[in-house]
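Visitor: I am new to this structure. Please show me how to read one residue in it.

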Amino acid sequence: QVQVEESGGGWVQPGGSLTLSCTASGIEAGIYAMIWYRQAPGKQREELASRLIGDTATYEKIAQGRFTISSISRDNFKNTVTLQMNNLQPEDTAVYYCNAAYVGHGRHWGQGTQVTVSP
């Protein structure tokens, strides 16, 4: 059974930085991507960045230059990616979610981690 867990959220002042982590585990093999999303109050969930597992390619959809996704560890049972967020602004306040995509096992969401940016 796949488990996806995010961590690293919290409160930060405008201009500050946070690093979120996401770990996907539970299936021996088949993961092909991990994707970060966020959902602000009253808004739809939006995609931020994705990392193809086993590949150096990353795709950062928005906030290019401020958000960076990196893979920090990988084995068949557990994969971890981070989302480094710099120069955070109040409009970045949201719940940040991680999604892990598997061949033959679908896509799995974590519970999310809250990021609050305020003075």
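Visitor: Which backbone oxygen lies 3.0 Å from a polar atom of the side chain of T93?

Guide: A polar contact is a pair of N or O atoms within 3.5 Å; within protein, one must be able to donate a hydrogen and the other to accept it, and residues adjacent in sequence count only if both atoms are side-chain atoms. Here the oxygen belongs to P90. The T93 side chain also reaches the backbone nitrogen of V117, at 2.9 Å.

Visitor: What should I know about the model and its numbering?

Guide: The model is predicted: local features need pLDDT of at least 70, side-chain atom pairs count only at pLDDT 80 or more, and totals for chains, interfaces and linings use all residues. Residues are numbered from 1 along each chain as its sequence is written, and side-chain values use heavy atoms, with hydrogens and water left out.

Visitor: Where does T93 lie?

Guide: Strands are DSSP runs of E with at least two residues, and helices are runs of H or I with at least four, numbered from the N terminus. T93 sits in the loop between β8 (78-85) and β9 (94-102). The chain has 11 strands and zero helices.

Visitor: Is T93 buried or exposed?

Guide: Buried means under 20% relative accessible area, exposed over 50%, and partly exposed in between (1.4 Å probe, protein chains only). T93 counts as buried because its relative accessibility is 19%. Of the chain's 119 residues, 41% count as buried.

Visitor: Which residues is T93 in contact with, leaving aside its neighbours within four places in sequence?

Guide: Contact means heavy atoms within 4.5 Å. The residues are A40, P41, Q114, V115, T116 and V117.
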